[in-house]
Amino acid sequence: MKRIPQRLSHSSLFGYNKEKYSEEDILSGIVNNNDNMIRYIYKSFFPGIKSMVGSFHNLSLDTEDIFQEGLTRAVINVRELKFHGKSTFYTYLTSICRNICLKELKRPVNLQEVDKGSEVINGSEEHVEDLIERMTEVKNKMDESCKQIIDLRFGLGKSSNQQFDSYQPVESVKFEDIAKQLQIETDNARQRFRRCFEKFKMVLFKDREWKGLTN
Amino acid sequence: MAKYTTYDDLIEKYLEGSLSEAERKDFEEQLKSDKLLSEKLSERQMIQKAWIKIDQHDKVKRHVAQLIRIEKNTIQSRKTRWLAAASLILLISISSVIFIRYNPKGDERNFQAGNKGSTGKKSELIIRGQKNEIRKFGSSDSIHKESSRAHYLPKDGKTFISADTITFSWPKNSLKERLMIFDENWMKVTDIPLSKDVTEYKLFPSKLKAGTYNWILTPNGAKSQLIIKE
């Protein structure tokens, strides 16, 4: 990664050295899962976002939580190539955080009008985010054994290095393999999955907010 | 419902790849004509994709949170280091001011030479050198002391000028109680009580006029003569 050269200040004696990265570096750092880049983004962009969030009153969410959620979404979108670099990463991150604030306040606004000329997440992406957010809430209410069997069936929890694989083919792990891992009978694994998955769908599809989002 | 369960089983088998080649072909053919089967497959795939996305989101968020925590700690420790450095500089500055202001050998020349009374409190007799008085006797303000020696008493017959500060210095273990100065006729000029912790006494120019004096340090009676000239 190319770093823009900058003269060291006296403060580098105390471990503080003002790095400055280009847009290309930032995006490349995110895609390549560079931890230092995430830290740099926090250090450089949090004060601005904090100021923007501060302009909203009556927010129940903490500024750090908003930044954390916004950065998470921005990182995922960059890795999934949903961010096309039409605006700076900072502007993109700011617009995501602003959307979170607006949603938190339940203020219906035309997001495209908020940031004319800059790249913001579009309506369909926003809709998917809402669906996923709702689904997350339902998932989080499930008991751990149910989450575990569904995770295993969907190929999660096999190893920790899958964490940033954006696109995984929709295929399921065989019940025989799950049964081996859990040291139970194959039929037992199948029944458990079916029961938990049905329960999940039932709760999700009965959910009023979900219905509102899908209709 | 029974049909749905069958569909569910069929879909699960299809997704895990355990259908035979013929069964898979039949399934895919059926998808084209059976809307319900097609919808149920889409729904099942959508949920799996979303489930994976939720998991991915959680993992990224945890990772981001961890890195933010690390960066916050780094910023905090950096602030602490700056604060420590600033405090140290402030402390050194204050110490320097105090040292310059109150150092007995400094310009102010404050020192205490007194005995401890019966109450154990320090004597109120404080001899304070006055800058003005030193200036009154001349611009040269030399202190007669051999720097190489830890203690010093003026040699017998030593001659000083009136602008000199005369130092009497003795070892710490050699306890002195009084410094008495007499004129050449052994008339007492001054009698200075010395506290136990004092190992040095400076006789400033204002104390003695030109003349010949005898001095005695009690109790062991160290004595000698000194001459002061204009």
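**Figure 1. Chain A and its helices.** Helices here are DSSP runs of H or I with at least four residues, while strands are runs of E with at least two. In this predicted model, chain A has ten helices and zero strands.

**Figure 2. Burial and contacts within chain A.** Of the 215 residues in chain A, 25% are buried. Now look at the contacts in chain A with a separation of 6 or more: 59% of them join residues 24 or more positions apart.

**Figure 3. Where helix 8 of chain A meets helix 9 of chain A.** Here we zoom in on helix 8 (residues 175-182) and helix 9 (residues 186-206) of chain A, whose axes lie 8 Å apart at an angle of about 105°. Because angles of 65 to 115 degrees count as roughly perpendicular, that is how these two helices of chain A are described. Helix 8 brings F175(A), E176(A), I178(A), A179(A) and L182(A) to the contact, and helix 9 brings T186(A), N188(A), A189(A) and R190(A). Sorted by class, this contact holds five nonpolar, two polar and two charged residues.

**Figure 4. Chain A beside chain B.** In this view, 29 residues of chain A are in contact with 30 residues of chain B. On the chain A side, helix 2 (35-54), helix 3 (63-79) and helix 6 (123-140) each supply at least two of the touching residues. By class, the chain A side of this contact has 15 nonpolar, seven polar and seven charged residues.

Technical notes
Residues numbered from 1 in each chain as written. Chains lettered and ligands numbered in written order. Predicted model: local features only at pLDDT ≥ 70, side-chain atom pairs only at ≥ 80, totals over all residues. Axes fitted to C-alpha atoms, helices over the stretch in contact; angles between N-to-C directions. Parallel < 35°, antiparallel > 145°, perpendicular 65-115°, else oblique. Contact = placed C-beta atoms within 7 Å. Nonpolar A, V, L, I, M, F, W, Y, C, P; charged D, E, K, R; others polar. Buried ≥ 20, exposed ≤ 12 C-beta atoms within 10 Å, placed from the backbone.
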